Each structure stands twice: as structure tokens, then as C-alpha cells.
Amino acid sequence: MLSNSSTDPARIPVIIAALRTPIGRVNGTLRDIEPSQLAAPLIARILRDTGVKASEIDDVLLGNAANSAGNLARLAALEAGLPVSTPGVTVDRQCGSGLEAITLAARMIQAGAGRFYLAGGAESASRAHIRLRPPLERGGELAPVKRARMAPDEIGDPDMGVAAENVATACKISRERQDAFALQSHRRAVEAAVAGRFAREIVPVETATDLMSRDECPRANASLETLQRLKPVFVEGGTVTAGNACPINDGAAVVLVTNLAEAQRLGVSFALEFVDAATAGVDPNLLGLGPVPAMQKLKARQSALDPAKVDFIEFNEAFASQVLGSLDQLDIAAERVNLDGGAIALGHPYGASGAILTVRLFSQMLASPKGTEGLAMMGVGGGMGIVTLFRAV
């Protein structure tokens with residue numbers, strides 16, 4: 001039996017609502033919407049759906065990787081109409097930020113610090129602030145920095161695509177496997193969308209010209225032939241292409257975390273219990289393999305856990321190479337993860353992606369028997385991994 005840290009219903013964290021925006025392509029339909037304005041309607045909708053009062057929210061925790069010059073979570077809370085007495089905190093564990101925010105909220109429940117937490121993530125690659133460094137180059141002009149540094153030079157701080165190539169080489173992940181996995185992602189995402197399996201979790205976003213209600217990136221016309229024609233984009237002669245890597249995206253996801261006693265009081269018919277989570281570091285040059293030591297750390301606490309047998313697994317598909325490399329080392333069959341497609345098809349709005357994985361698990365496990373297990377897994381920029389274990393109750 002997988003164990004929580006408490007048997008007291010008031011200390012058992014559960015998610016009772018989970019929603020997301022449609023995921024937009026960078027400079028696409030959501031390009032003019034700030035990340036806080038993506039999260040705010042989700043917060044308002046969750047409160048309306050659950051009947052929890054805005055004044056009952058103890059804190060708002062939102063992950064973000066590129067947008068928050070201030071406190072995005074506090075801004076989103078106020079934009080959603082929460083009272084000024086409601087605090088907010090923005091979490092940065094790069095692309096693991098949204099999942100980390102949910103984990104922190106669950107830990108607060110376990111500690112007895114409060115009863116209701118809104119947690120998730122929001123990201124807009126379209127609206128990302130340009131980071132600047134002092135005028136040291138180009139005749140005194142300010143030179144834009146594409147991203148923040150994540151490791152010192154003496155260790156290695158490769159760009160994400162280069163790190164994905166490193167993983168492909170180290171783990172012997174062929175171009176053929178990467179392209180086949182990417183095709184599986186698109187086919188599953190398109191099938192899920194047509195079948196309406198995303199409809200429950202998506203809150204449409206009103207733009208200046210339209211009401212966006214569908215994810216922008218899955219390709220119904222994806223084929224192995226098309227993927228095979230694409231050239232490597234990060235390393236000459238490499239195997240990582242635009243087709244077997246995720247796109248760049250905008251989006252948000254939010255969940256409501258409470259305790260089991262409050263869920264029972266509210267009369268909810270389904271909840272996703274937070275069982276445990278673990279985060280671990282790995283060589284930044286092989287940053288996509290972070291879920292491997294994170295899973296080892298989790299299994300050390302949860303001795304009954306066999307990740308190869310978990311019912312539902314959502315693994316963030318930043319690059320096919322790092323997903324396959326991690327799954328191989330964990331003895332998890334690639335066919336068992338991301339049953340409705342993953343980030344290669346749906347998109348990867350950095351700080352929101354971990355929360356999107358959680359929303360996906362909530363939707364998939366909604367009709368599952370009590371005790372059904374779900375795992376959210378992510379590799380994280382800078383050389384980290386985070387895995388979170390849930391159970392249907």
C-alpha cells in the first residue's frame with residue numbers, strides 16, 4: 001500500500017478541481033494575454049464550480065519560468081477577484097514550477113497550515129520579458145540574453161536542445177525512436193481532442209477576435225514521412241529536430257488543493273489524493289534524465305511503488321530523446337505514458353506544464369476505481385527532475 005504521511009483526514013491533501021486553458025502556440029492566438037490573465041479565469045471558475053468562498057483561500061501558489069518580474073500569483077489572485085487579504089507566491093523551478101507549486105500546496109495541507117490552496121502555473125512565451133545584461137558588448141549596446149543561466153561554466157550549462165542531443169547520445173536513443181514517439185504523441189492528442197476528452201478540463205479563453213477553446217499545436221496531418229524529412233536543429237548531424245521536440249507555448253493550469261475532511265464536507269464525488277513527491281538533481285549536461293534520480297528518491301520512501309505498473313503516467317515531453325532515455329532507465333514502456341498525447345503535440349508552456357500534467361491525470365482518473373494510481377514526471381532545466389504520485393479517492 002502506497003502511504004501518505006498521515007492518516008488524519010485533515011492532513012491528507014487532495015485535489016478536488018483541476019482546470020487549464022487551451023495551449024497556444026508562441027505568438028499565436030493567446031499572444032496578447034498576460035500570464036496572470038490566463039490564470040485568473042481558472043481561479044474564478046474553480047471557486048464557482050466548487051462553492052469554496054474566495055475568502056477561504058489560504059494562499060495562491062503559481063509556477064512560472066520566464067514572465068514574473070514581480071509576483072505573478074498575487075497579481076492573478078487579485079485579477080480573479082480574490083480579496084486583498086489573500087496572499088500569493090510565485091514559484092520558479094523552471095519547467096517543473098507548476099508541479100512544484102502543487103506539491104508545496106499539498107505539503108502545506110500535510111503540515112496543517114491551512115485548508116484551501118489554489119496552485120498551478122502560468123506561462124506566456126509570447127509575452128516573456130527580455131532579460132538584459134550590462135552593456136559589455138556590441139559597442140556599449142544592451143545585449144539581450146536568451147535565457148537565464150542555470151549552471152556554472154565549469155559544470156556545463158548547455159541549451160535545452162543541446163542537452164537533448166547529449167541524452168540521445170548517452171542513452172543511444174535513435175532518430176527513428178524519437179520520430180515514432182513524436183508521431184504517437186500527435187496521433188493520441190488529435191484522437192483525444194476529437195473524442196472530447198479535453199473538453200472537461202479546458203476553460204475557453206476570450207481573445208480580441210475569438211473564443212479559443214482548443215489546443216493550437218496538435219497536427220492531424222503528422223506522419224512519419226514528414227517527421228523523417230526534418231533536419232536536426234541543435235547539433236549538426238544530430239537527431240533532435242523540431243518534429244521530435246516540443247513547440248514553444250502559452251497557457252495556464254490551476255488546481256484546488258484541500259484536505260480529505262474538507263472534501264468530504266463539501267460532498268465531492270471524486271478527488272485526487274497527493275501521496276508523495278520527490279525532486280532530485282542530475283548532471284546539467286544530461287538535464288532531461290532528472291526524473292530517474294527523482295523516481296529513485298521517491299521509491300526509497302514508497303517501497304511498494306512500481307512505476308512500471310502505475311495506471312496513468314503523464315511525462316512532460318520536452319524532447320522525445322529525454323523521455324525515452326528516462327523511461328528506458330526506469331523500465332517503463334513508452335506506450336504506457338501520455339495516453340492522450342503529450343507536450344510534443346499539445347505544447348510546453350514551461351512553468352504551467354507540470355500543472356497541466358496534473359490536470360490531465362485528474363481528467364483521466366475521474367472515472368477510475370478508488371486506489372488507481374497516477375504519476376506526473378518532469379525533467380527540469382538546470383539538471384533536475386520532479387515526480388509526483390497521486391491516487392484516486
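I started at Arg-197, which counts as partly exposed because its relative accessibility is 34%. I'm keeping in mind that this is a predicted model.

Next I looked up its partner. Arg-197 makes a salt bridge with Asp-340, with 2.9 Å between the closest N and O atoms. Asp-340 sits in the loop between helices H9 and H10, and Arg-197 in the loop between helix H5 and strand E8, so the pair ties together parts 143 residues apart in sequence. Asp-340 has 6% relative accessibility, so I noted it as buried. I followed the shared partners and got one network of Arg-20, Arg-197, Glu-201, Asp-215, Asp-340 and Arg-360.

Then I checked the salt bridge count, and it comes to 18. One of them joins Glu-262 and Arg-115 at 3.0 Å, N to O. Glu-262 is in helix H7 and Arg-115 in the loop between helix H3 and strand E5, so this pair ties together parts 147 residues apart in sequence.

Which residues have the most contacts inside the largest nonpolar core? I found Ile-15, Val-255, Val-257, Leu-272, Leu-361, Met-365 and Phe-390, in a core of 42 residues. Helix H11 gives the most to this core, with 7 residues. I picked Leu-361 and listed its contacts beyond four places in sequence; among them are Leu-272, Phe-312 and Phe-390.

Last, the surface. Val-233, Phe-234 and Val-235 make a nonpolar patch of about 230 Å². Phe-234 lies in the loop between helix H6 and strand E10, and at 37% relative accessibility I put it down as partly exposed.

Methods: Residues are numbered from 1 along each chain as its sequence is written. This is a predicted model: local features need pLDDT of at least 70, side-chain atom pairs count only at pLDDT 80 or more; totals for chains, interfaces and linings use all residues. Side-chain values use heavy atoms; hydrogens and water are left out. Patches are made of residues with over 30% relative accessible area and no salt bridge: like charges are joined within 9 Å, nonpolar side chains (Val, Leu, Ile, Met, Phe, Trp, Tyr) within 5 Å. Accessible areas come from the Shrake-Rupley method with a 1.4 Å probe; for residues, only the protein chains shown count as cover. A salt bridge is a side-chain nitrogen of Lys or Arg within 4 Å of a carboxyl oxygen of Asp or Glu. Helices (H or I, at least four residues) and strands (E, at least two) are DSSP runs, numbered from the N terminus. Buried means under 20% relative accessible area, exposed over 50%, partly exposed in between (1.4 Å probe, protein chains only). A nonpolar core is a set of buried Ala, Val, Leu, Ile, Met, Phe, Trp, Tyr and Cys residues joined through side-chain atoms within 4.5 Å. Contact means heavy atoms within 4.5 Å.
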